[in-house]
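Biologist: I would like to learn how to read a model of this kind. Please take me through it one feature at a time.

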Amino acid sequence: MSEQPPSADHSRQQMEPTTADAVRAYAARTRENADQFAGVLEDIAANGLPSVADCTPWEELREAHLARPRPAVA
């Protein structure tokens, strides 16, 4: 009773070398950020949440983020 879907061409389209390098660089940055985030979560799990006095308000973090220079997009 089950019908097989029509077979599809699963060949992959190759990227230009510069594009592939950019994707690898993005993957490396993403992996680094994920590792850093995991480290923070592990620290919280092991030691508990930091005190409010030791934290930076999110508004200050947002303003600092928005004040950073951004590269121009062509």
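**Reading the helices and the charged pairs**

Modeller: Just after α1, glycine 48 has a positive phi of about 85 degrees. This is a predicted model, in which local features need pLDDT of at least 70 and side-chain atom pairs count only at pLDDT 80 or more, while totals for chains, interfaces and linings use all residues. Residues are numbered from 1 along each chain as its sequence is written, and side-chain values use heavy atoms, with hydrogens and water left out.

Biologist: How many helices and strands are there in the protein chain?

Modeller: Helices (H or I, at least four residues) and strands (E, at least two) are DSSP runs, numbered from the N terminus. The protein chain has two helices and zero strands.

Biologist: How far does helix α1 reach from its first C-alpha to its last?

Modeller: The expected span of a helix is 1.5 Å times one less than its number of residues. Helix α1 covers residues 17-47, 31 residues in total, and reaches 45 Å, close to the 45 Å expected.

Biologist: What is a salt bridge?

Modeller: Side chains of opposite charge can pair when their charged atoms come close. The rule asks for a side-chain nitrogen of Lys or Arg within 4 Å of a carboxyl oxygen of Asp or Glu. The count comes to two salt bridges.

Biologist: Which residue forms a salt bridge with aspartate 21?

Modeller: Arginine 24 does, with the closest N and O atoms 3.1 Å apart. Both residues lie in helix α1, three residues apart, about one turn of the helix.

Biologist: Which residue does glutamate 63 meet in a salt bridge?

Modeller: Glutamate 63 meets arginine 62, at 3.1 Å from N to O.
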